[in-house]
Structure formats: C-alpha cells, structure tokens
Amino acid sequence: MNSALSPSRSRAPRLVAAALGLLALVATARAEAQDEVVPPSVLTSSDPVYPSNQVASGKDVLVVLAVTVDAEGHVAAATVLESGGVDFDRAAIDAARLFTFNPGRRGDRAIPTKIRVPFHFVPRAPTPKPVRSGPVHSSERPPPPVESVQVEGVARAPSRGASDFRLDREALGAAPHRDAGELLLTAPGVYVARPEGDAVAQRIYLRGFDAVHGQDIELRAGGIPLNQGSHIHGQGYADLSIVIPETVRSLRVMEGVYDPRQGDFAVAGSAEFDLGVEQRGVHFGLKVGSFGTQRVLALYAPEEAPQETFGAATFRTTDGFGDGVRGSTSGAGVGQVRLAVGANTYLTLHVAASAARGNIAGVLRRDDVSAGRVGFYDAYAFPTARAQSAGASRGQLGVSLEHRDGDGRRVHGSVWTSLTSFRSRTNFTGFTQRSQVEPSWVGRGDLIEQSNGDHGLGGTFSYRTARARLHDLVTGQLDVGTEVRTHGIEQAQNLLTAPQNETWDQRVDAKVRSTDIGLFADGLLAGKKWLRLRGGVRADLLFFDVDDRLGNYQASFANKTHIVGFRRTAAGLVGGPRATLEVRPVGALTGTLSYGEGFRSPQARQLEEGEQAPFAKVRSFEGGLTVRSGALTASAIAYQTNLSYDLAFDAEEGRLERIGPTTRRGFVGTLRGKIAPWLFTSASATFVHATLDSPPVPTPEDPAPAYLPNQSLPYVPPLLVRTDTSAERRLFDLWKQDVVGRLGYATTFLSPRPLPFGARSAAVFLVDLQASLRRGALELGAETTNLLGARYAETEYAFVSSWRTGTPPSLLPARHLTAGPPRQVLFTLGLTL
Amino acid sequence: MTPSRFTRAALLALAAASSPLLFAGCIESPQTEVTYEAEARASLARTFEVGGVTVRLSRAELAFGPVYLCAASSGSATLCRSALGELLDVTRVDLLAGAPTPLGRVRGFTGSVRSASYDLGLHWFDTSYAVEAAPTAPDGHSLVVVGTLERAGEPEVPFRLLLDAVPQYQGQRAVPTAEAVAEITTTPTRLVVTFDPEAWLRQIDFDAVLKTAPRPIVLDTKSPAHDAALLGLKVARPPELRWITP
C-alpha cells in the first residue's frame with residue numbers, strides 16, 4: 001500500500017508510461033516541478049478601517065474572509081466566512097480588495113487560490129490587527145503569510161477549454177432554484193424542465209442536445225455517477241433529486257468531450273456537482289407558499305471540519321399547480337465526512353438517499369386546449385389520465401481515498417454502490433394502443449407502466465506522475481486511470497387499465513447485466529507560460545447480458561412453436577482521443593482549441609446476440625477566446641458536434657428511439673463576474689443549428705421518410721439566453737444589528753423550438769426573483785419563479801393521440817404540450833446558528 | 001480596457017450574438033402542413049339493364065369517410081397509425097345527383113401517399129365497443145339504393161338494397177387498404193373520389209333476386225345480393241382516389 005501511494009520518483013513514471021507507450025517522454029525526464037500548492041503571499045496591503053458608526057460600541061470584532069486570489073495575484077472575490085456585522089464585514093472586504101498578491105502556484109504554474117484571511121477589529125486601535133499572522137497593515141512591515149490556504153475545494157480539475165464552466169456558490173445562488181437540477185440553468189446553453197413531475201428526472205437541454213433525462217449528459221454528484229444505462233424510461237436516466245442544492249459548493253459543467261475522464265453519456269458534455277458547505281454551523285430553512293408547497297431543510301456543518309464534511313436533509317410536499325394532479329412528496333438526505341488519515345492522505349465517506357412520489361398531469365393536445373375542452377394546467381378527466389404518477393428512490397454509498405505527494409504525484413481511488421428504484425405510469429397517447437398479448441383488446445387506455453430497478457457498483461483508480469521537465473522549455477505530466485462499473489437491472493413495461501390497475505398488455509420483462517471497463521490516460525505538455533497541451537485517450541469495453549423474457553413473443557392466438565424468451569450477450573469497444581491546446585499570448589487573453597471523441601452506450605434490449613455493441617460516437621470541436629478584466633470574465637466560443645446516431649422521444653412507447661446521425665454547430669457568448677463589489681452578474685447566449693444528417697431509417701409504415709438536407713432537429717431551441725444577477729448590501733440597523741438586503745433574479749429566453757411536421761413552438765421568456773433580509777442569524781425572504789406569469793409549454797411534442805375528444809379520431813400527428821409552472825411564490829425563513 | 005468599457009463591450013457583443021433575427025432563417029423542416037378540398041363524383045344512370053332486368057332507381061346514397069392517407073403501402077391499422085393526411089368528415093353522397101359533392105377538407109402534410117383506408121359510414125374505432133353508424137349514414141347503412149326491377153313482360157317489383165361495409169374488428173377501417181398514390185406538395189391540389197355504383201349493382205344477379213327474394217325485396221346482409229354488391233364496392237370497382245390540380 002505504501003509503495004503504491006508513494007512510488008519512487010524514478011520508477012513510477014516509467015512503469016506507468018511503459019503501459020501506455022509514452023515511456024520515452026516521461027521516464028527520461030527529471031521529476032522536478034512541484035505539484036504541492038504554494039499559497040499566495042501578500043505584495044501590497046491596505047488597512048481596514050474600524051467603522052466610525054461602531055466606535056461607540058467598543059466591540060472587539062473578528063471577521064474572517066474567504067479571499068479568492070486569481071492567477072495574476074488580484075483579488076477576484078471576497079466572501080464572509082465569519083461575520084462581525086455588516087459594517088465590519090464591509091470594512092474587511094473593502095480592505096481585502098485592495099490587496100495584491102504573488103499568486104499561488106502549483107509547480108511552475110500560477111493558479112487561482114482561495115485563502116482564509118481573518119481581520120481583528122479592536123476599538124480605539126489606530127489600525128486593526130489581524131489574527132496571528134494575518135495580512136499586513138503597514139507598508140513598512142514585511143508581508144506576513146496568509147492564515148490558511150485552501151485550493152478551490154479538494155482538487156480543482158484543470159480547465160479543458162473555454163466551455164469548461166465552473167460555477168461557484170455566488171453564481172449558483174444568484175437566483176432561486178427549485179431543485180438541484182435547476183442549478184444547471186446557470187451554465188451557458190442549459191435549459192432544464194421537469195414535465196413529468198417531482199418524481200421523474202429533469203429533462204435537460206444542453207447546447208443543442210435534447211439530453212432528455214441524461215442520455216447526452218454525464219452527471220456526477222460527489223464523484224458518484226448518476227446516469228443509469230439501459231433505463232426503461234430513457235437511456236442514461238439520471239435523477240438529481242439526491243442532490244440537495246444547499247450542499248452544492250460548486251458546479252462544473254463541461255460542454256463538449258475534451259477530458260479523458262468523461263465516460264458514458266458525455267455526448268453533449270458533463271456536469272459534476274461538487275458537494276461541500278462553505279457556511280459552517282447549523283442551518284434550518286423553511287419555505288412555504290403557492291400550491292400548498294412546504295419545504296424544510298436541516299443542515300449541519302461542523303465549524304472545525306473541512307467544507308466537505310456536513311450532513312443535510314430536506315423534505316418537501318406540494319399540491320402542485322393545476323387541478324390536483326401534480327401533488328408530490330419528496331425528500332433527500334446526505335452525509336459526508338472528509339478525514340485526514342495520514343500525511344497528505346484524505347478519506348471521504350459519502351452516503352445519500354432520496355425518495356419521491358408524485359402525480360403527473362401528463363400531456364395535453366394543443367387543439368383540445370385551444371378549444372377549451374381541457375384547461376391549460378389541467379389533465380384529461382379520464383381515469384387513465386388521472387392515474388399518471390411516478391415514484392423513485394435512490395440510495396448511494398461512496399468511499400474515496402486520495403494521496404498527494406509534494407512532487408505532484410497523486411493517487412486516487414474510490415468505490416461506490418447505488419440502489420435505485422423507479423416506477424412510472426404515464427399516458428401520452430390516450431386510447432390508441434392494442435394489446436400484443438390479446439390483440440382484440442384495444443382502447444383500454446394507453447397507461448404505460450414502467451419499472452426499473454438497478455443495483456450498481458463501481459469505482460475509479462488513478463495515478464498521476466510527478467511533473468517532469470522534458471526540455472528546457474517544456475514540462476510534462478501523465479495521469480492514468482481506470483473506471484469500472486457494473487449494473488444489475490430488472491425492468492418491465494406494461495399497459496394498465498385505470499382505475500382498476502389491471503394489466504392488459506406486457507411489452508417488456510427483462511433482466512440486464514451490464515459492465516463498463518474504462519481506461520484513460522491524460523497527459524500534459526506545458527511550455528513556458530503561454531502554451532499548454534492537455535489531453536489523452538479513453539477506451540471503454542462494454543458488456544451486456546440480456547435476459548429478454550418476452551423476446552420472440554407469440555400472441556395468444558398463434559400456434560405455439562417455441563417457448564417465449566430471448567437471452568443474449570453482446571460486447572463492444574470504443575475509444576478516442578481528447579485534447580485541448582491552450583494559448584495565453586497576453587495575461588488577460590486565453591485562446592483554446594479542443595477536440596474530443598466521446599460515446600453513449602446502447603440500450604441493452606436493442607442489441608442482438610453477439611452484436612458488436614453499436615455505440616453512439618460523438619466528435620466535438622471547439623475554439624474559444626476568454627478575456628479577463630478585473631473581476632469580469634468574458635468568453636466567445638464556436639463549436640461543432642457530430643453524433644453518429646441520435647435518439648428522440650417516442651410517445652407511443654414512452655421512451656427513446658433512434659433517429660440517425662446529427663450535427664450541431666453554434667456559438668456561445670458569456671460574461672460573468674462582479675460589476676461592482678456588491679453586484680454579481682452572469683449572462684450567456686447560446687446559438688445552435690442542430691440538423692439531421694441523413695434520412696431517417698425507412699420502416700414499413702414509412703418506406704421513404706421525408707428528409708431535407710440541413711433538416712432541423714426537433715425540440716431543440718436554436719437560441720438560449722440566460723442571465724443571473726444578484727446584489728447584496730447593508731440596508732439599515734435594527735436594534736443595533738445590521739440588516740442586510742439581498743436581491744437576485746434570473747431571466748431565461750428560449751427561442752421558438754422546431755417541432756416535427758414543420759411546426760414551431762412559441763418563444764419562452766421567464767423571470768425568477770428572490771429577495772431577503774438578514775439580521776444576525778435570522779433571514780426572511782421571498783422567492784418567486786415565473787414572475788411574469790407566463791403561460792408556456794414546458795415541453796412540446798408532435799405525435800398521434802386519441803383522447804376521445806373528436807369523432808372520428810384523428811390519425812395526424814398533433815401538437816401536445818406539458819404546461820410550464822405558473823407563477824409561484826414561496827416565503828422563506830432561515831436560521832443559522 | 002477599463003472594467004466598465006469592457007463590460008459595455010461584452011454586453012453589446014452578447015446582445016448582438018443573441019439576436020434572434022440573425023438566426024431566423026435557420027429552421028428547416030422536411031414536411032409542412034397542407035390542406036385542400038375533396039369532392040366526390042359519381043355517374044349513375046337512373047335506368048339501366050342487367051341480365052335482362054331493367055333497374056330503375058329513385059334513390060342511391062352512399063356514406064363515405066373518414067379517409068386516412070398513409071405513407072405505407074398498406075393502410076391497415078398496424079401500418080398506418082400515423083396518417084399523412086385525413087378527411088374526417090363522413091359525407092352522404094347522392095349518387096344520382098350528377099354533380100360533384102363536396103367531401104370536406106383534407107388536412108395533412110406534404111409527402112408521398114402510397115395507400116388509403118376508409119370507412120363507409122360504419123365505423124368501429126378503438127374507443128368504440130361495437131360498430132357504430134355515422135349520423136350521416138343513410139338510414140344507418142353504408143349504401144342505400146331504392147328502385148324497381150322489371151323483367152320484360154312482368155310487373156315492376158320494388159326493391160331496397162341496404163349495404164353495410166363493416167370493419168372486420170375493433171380499430172380497423174372497413175376498407176383497410178385502398179390504392180392511392182400521390183406526391184403531396186405545397187402546390188394547390190384537390191382530391192377527387194370517383195364512385196362507379198352501376199358497377200357495384202351489376203355484381204348482383206337481379207334475375208335470381210326476382211325469382212327467390214321474398215316480397216317486398218330488401219337486400220340486406222342476409223341476402224347474397226348484398227355480398228355481391230359489397231364485393232363490387234370494395235374489390236371490383238372500388239372508389240378511385242385521384243389528386244388533380246384545381
């Protein structure tokens with residue numbers, strides 16, 4: 001164990017590089033550069049001023065700030081860790097912003113760091129004194145070291161290009177979010193909807209991809225992958241209910257596939273929720289408001305423990321909007337502990353669970369809504385429509401161990417296990433289905449029951465070499481690792497008659513075993529300051545064992561010729577390179593070029609015996625420019641993504657089906673940072689032209705499907721604009737204590753979305769707003785989503801349905817919608833001890 | 001560049017990049033919605049002779065619809081769950097009128113029509129527990145023909161043909177697959193359905209009817225003459241669907 005964790009400098013790189021054919025580069029090099037973080041040191045400082053209006057109080061006050069020092073040594077952000085009151089906090093922040101630093105370093109590279117800086121305000125003292133060896137307050141004295149150093153959480157992964165977005169609490173907390181899935185909205189090019197209620201995963205759109213419930217976006221929380229392969233409700237299904245928003249310290253959204261660590265389902269990109277709590281202590285939260293919504297939160301973050309150590313639980317109930325068909329009850333709990341178990345060695349234990357049950361209103365035909373046959377926020381009156389619901393649960397356990405050496409070497413290992421259940425009953429099409437078991441049964445209501453149970457086990461192991469000098473001007477580093485996961489899945493799909501809950505057809509009854517063995521190598525070649533090439537390869541082996549208990553099905557009227565069932569195995573290999581070239585010609589400007597190949601695994605039940613598993617292969621290209629000026633960062637990105645085969649929602653089966661190869665081309669513009677010390681803003685605009693590259697696959701029903709070159713992909717909004725803005729200021733004194741006001745809002749604009757058959761949805765513009773007043777430990781506020789009360793379709797589809805609203809029934813594909821939530825107001829109460 | 005100028009420039013660039021007008025023309029779709037008129041045409045003489053029997057007609061009415069146009073070469077329920085076009089009206093057509101009868105408007109999409117399926121006034125939809133007659137079906141039947149039969153030298157005998165074209169099972173159309181070929185584009189078009197009822201009636205052995213049928217003569221589903229006429233309607237000379245430029 002010791003030798004694994006502390007390999008000698010000369011031997012370990014050779015062994016690793018030999019395995020990957022890169023020995024010559026690394027083994028001949030001298031491990032020289034240091035990976036240990038060198039904290040920033042103060043270059044110039046400014047004395048904080050004891051607030052004049054507090055002199056009479058004679059208080060002895062301690063304020064502790066978390067100061068983010070960027071790679072150029074400027075203060076990028078300063079937030080209060082321990083408050084001494086608004087005036088003292090402000091004085092400390094004002095002073096801290098005038099500091100300049102020698103930036104923190106990892107090896108040769110200047111990096112942004114976050115340091116903990118305490119200020120001790122003593123009355124009548126000419127200048128306040130920092131605690132112990134805090135920042136200097138006189139230019140005559142030598143700059144003292146900072147108090148403590150943390151480097152952006154556990155280990156901030158290196159950037160993979162202009163579309164590697166890191167969102168901290170300030171950005172994530174600017175606007176109200178109903179759940180963790182909505183935190184993704186802050187990232188450029190992301191739109192999140194929840195059309196199937198609180199117990200079904202979010203539907204995510206990312207930079208031109210309708211990722212549905214996770215088919216095109218790899219999601220991780222606390223390092224544990226959330227996507228579920230071969231899920232009955234949609235490939236890559238990932239429910240973010242297990243993430244409590246208040247425990248998300250930062251969010252990394254990588255748009256594109258440029259990191260060899262990105263695995264299955266990283267087609268449009270990936271998102272990782274970094275769990276941690278900056279504000280230490282005990283926090284209780286309560287939200288009460290529209291539609292009988294109530295949410296309670298309890299969060300405990302021990303003062304003396306690192307940010308990764310915390311416990312939290314939340315419960316939520318709501319009647320939901322509309323006529324009583326969206327009620328839900330849900331909850332989640334998470335506990336995480338990070339322990340130092342040796343020199344530079346940390347053990348993290350993570351356990352979490354979530355459960356939710358919710359009713360579903362389902363889809364409505366737009367013509368029925370227009371004709372007043374059903375209300376926009378209502379559901380059809382039939383029992384088969386009113387019986388729509390879902391219930392889901394997830395439990396997960398993870399353990400990770402990390403060891404870092406001072407020369408840059410790092411060994412990391414983790415294991416996790418998860419147990420999930422899912423059961424939904426949805427009816428998209430009304431009364432169109434015919435039983436396959438008894439073909440004379442028809443018109444009993446297309447209430448599709450889907451169930452999926454998944455037991456997953458997986459882990460990662462990776463080793464990073466020391467930084468080696470390859471040439472006078474070039475250093476290099478290599479990281480190799482493996483990621484494995486195996487799943488046992490039980491799934492079924494039936495048709496039910498409501499309200500008797502009688503089964504009138506069986507569509508799926510299968511057991512799936514899947515195993516994914518991934519191997520990646522990630523290298524770094526760094527020139528002197530302005531040039532850096534980072535990248536490598538990833539390869540995955542996927543194996544499937546399918547027991548399709550309804551395979552080779554025979555209808556009841558047919559003569560029996562065999563026993564129903566079809567068992568099969570399939571396997572496939574996929575791999576590809578990923579790389580990012582970063583050029584920094586001047587300090588404020590960074591240019592990046594990225595290329596990467598990723599993949600999506602197939603739905604196991606669609607595989608034939610012995611089939612070479614047909615992965616969906618994605619190729620991403622991107623070029624970006626990022627400019628930093630003070631506390632502001634702006635970027636412009638052009639990108640293209642080619643996908644070998646895409647999936648689209650099939651209402652008849654309530655799941656995803658293949659449609660063919662697709663291409664997305666687009667541009668992204670972003671602006672993020674502090675316009676003023678009290679004003680934060682984040683804005684982005686994402687344009688995409690998403691097209692189908694070849695005619696859809698002919699079927700007996702449509703032997704020559706209509707096709708146009710550059711045919712737009714349905715459901716994808718070509719333009720998505722998002723802004724998040726927040727302001728926080730001291731307002732007044734109340735009973736000798738400061739009252740701090742906070743205001744935040746977000747706007748979301750979706751351009752009209754193309755729909756099948758030449759239709760186009762209406763544009764959507766949403767405004768969310770939150771405001772609060774904080775005095776000491778108490779915070780009162782209100783938040784409203786959809787402030788303007790926009791009546792909009794959260795999702796739209798086009799397919800054939802029959803809801804008995806017209807005779808004869810129409811067989812033309814018709815527009816269907818799920819209603820977006822109307823204006824909702826919640827009053828919030830927070831208590832922090 | 002100062003932060004304020006930087007901010008202004010960045011916001012302007014963002015606003016320009018997000019202008020929907022820049023991208024207004026980018027959405028391409030292979031199919032567009034179309035709608036056009038349909039009409040029925042029939043040529044039926046009031047008097048004609050079949051096998052030495054003179055048939056004189058006073059009433060001949062047919063119920064037609066709904067019609068579904070399919071991209072598949074078969075219009076059966078399993079292969080035409082999604083139609084390319086449809087005519088949902090059920091129209092009573094006076095086959096003796098001589099003039100075209102409007103059938104309503106076809107709604108659908110551009111694309112290749114390869115088959116059609118339709119009902120003749122009697123339908124058994126997915127959501128129906130039994131065969132139902134459309135309100136416009138003549139006397140609740142698909143086809144009603146009223147007239148007299150006369151063999152030379154014999155008195156005229158009145159007769160009624162009550163023809164029912166019934167779907168075979170729930171969810172199926174009475175005529176599940178009919179020939180219909182067209183390329184529907186955005187160019188204006190019109191669907192013309194041509195009926196040849198005389199051909200249907202010529203399938204009937206009126207001589208046998210006169211000899212064996214009880215009086216008054218009612219040719220309904222119990223009569224062999226009913227099946228013969230139904231064969232004529234569905235197989236021998238089915239309605240012809242053509243698209244013409246108006």
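What follows is a short chat about a predicted model with chains A and B.

Reader: What are the ground rules for numbering and confidence?
Author: Residues are numbered from 1 along each chain as its sequence is written, and chains are lettered from A and ligands numbered from 1 in the order in which they are written. This is a predicted model, in which local features need pLDDT of at least 70 and side-chain atom pairs count only at pLDDT 80 or more, while totals for chains, interfaces and linings use all residues.

Reader: How many residues of chain A are in contact with chain B?
Author: 46 residues of chain A are in contact with 44 residues of chain B. Contact here is C-beta atoms, placed from the backbone, within 7 Å.

Reader: Which elements of chain A give two or more residues to that side?
Author: Strands S35 (632-650), S36 (655-676), S37 (679-692), S38 (711-712) and S39 (719-734) of chain A. Strands are DSSP runs of E, at least two residues, and helices are runs of H or I, at least four, both numbered from the N terminus.

Reader: And how do the residues on that side of chain A divide?
Author: Into 27 nonpolar, 14 polar and 5 charged. Nonpolar covers Ala, Val, Leu, Ile, Met, Phe, Trp, Tyr, Cys and Pro; charged is Asp, Glu, Lys and Arg; the others, Gly among them, are polar.

Reader: Switching to chain B. What is its secondary structure?
Author: Chain B has 4 helices and 16 strands. Of its 246 residues, 44% count as buried, meaning 20 or more other C-beta atoms within 10 Å of the residue's own, against 12 or fewer for exposed and partly exposed in between, with C-beta atoms placed from the backbone.

Reader: Is His123(B) buried or exposed?
Author: His123(B) is buried, because 26 other C-beta atoms lie within 10 Å. His123(B) sits in strand S9 (residues 122-123) of chain B.

Reader: What is His123(B) in contact with?
Author: Setting aside neighbours within four places in sequence, Pro808(A), Glu132(B), Ala134(B) and Pro167(B).

Reader: Back to chain A. What is the order of the sheet with S44?
Author: The order is S24-S44-S43, an open sheet of 3 strands with antiparallel pairing. Its edge strands are S24 (364-365) and S43 (793-799), each pairing on one side only. Strands pair if DSSP finds at least two bridges between them.

Reader: How many bridges between S43(A) and S44(A)?
Author: 6, with S44 spanning residues 814-819. Tyr797(A) has His816(A) in S44(A) as its bridge partner.

Key
Contact = placed C-beta atoms within 7 Å.
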